[in-house]
Amino acid sequence: MANEALRQRLENTLKSGQDSALLRFALGNEFLQAGDPARARHHLVAAVAQQPDYSAAWKLLGQATAAAGDPDEALNVYRQGIDVAEAKGDVQAAKEMRVFLKRLAKQTQAGEST
């Protein structure tokens, strides 16, 4: 219930004309937690478009893309996110995305061999 109220406030902020990468990240995070990866992905794509060096948004975009059932695109997102994080010096985000990339690649390969 509280999450729904937060999502509504965030959406109202966006509708009022206030748009930012941080707002889009927050919306993406809320929709991903609510089990709506397609809507999460929409907002996270907007976040990285507005702020291309936003490492955390790249990481969450990879998660949302994988959850939306597009593992190949998620692999691409993680690769881009790792490049962004490394260029920015965001070692922890790059490390986390490498772990997600490795897991997803393994799952994708296992799915292809069955």
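## Exercises on salt bridges

D70 is partly exposed, its relative accessible area being 28%. The model examined here is predicted.

**Exercise 1.** Which residue meets D70 in a salt bridge, and which parts of the chain does the pair link?

*Solution.*
1. The side chain of R41 meets that of D70 in a salt bridge, with an N to O distance of 3.4 Å.
2. R41 lies in helix α3, residues 37-50, whereas D70 is in the loop between α4 (55-67) and α5 (71-88).
3. The two residues are 29 residues apart, and the pair links distant parts of the chain.
4. R41 has a relative accessibility of 23% and counts as partly exposed.

**Exercise 2.** Is R24 buried or exposed?

*Solution.*
1. The relative accessible area of R24 is 11%.
2. Buried means under 20%, so R24 is buried.
3. The side chain of R24 meets that of D19 in a salt bridge of 2.9 Å, N to O.
4. D19, at 38% relative accessibility, counts as partly exposed.

**Exercise 3.** What is the N to O distance in the salt bridge of E96 and K59, and how many residues apart in sequence are the parts that the pair ties together?

*Solution.*
1. The side chains of E96 and K59 meet at 2.3 Å, N to O.
2. E96 belongs to helix α6 (residues 91-113) and K59 to helix α4, so the pair ties together parts 37 residues apart in sequence.
3. E96 counts as partly exposed, at 26% relative accessibility.

**Exercise 4.** How many salt bridges does the count come to?

*Solution.* With a cut-off of 4 Å between nitrogen and carboxyl oxygen, the count comes to six salt bridges.

Terms used:
Residues are numbered from 1 along each chain as its sequence is written. This is a predicted model: local features need pLDDT of at least 70, side-chain atom pairs count only at pLDDT 80 or more; totals for chains, interfaces and linings use all residues. Side-chain values use heavy atoms; hydrogens and water are left out. Buried means under 20% relative accessible area, exposed over 50%, partly exposed in between (1.4 Å probe, protein chains only). Helices (H or I, at least four residues) and strands (E, at least two) are DSSP runs, numbered from the N terminus.
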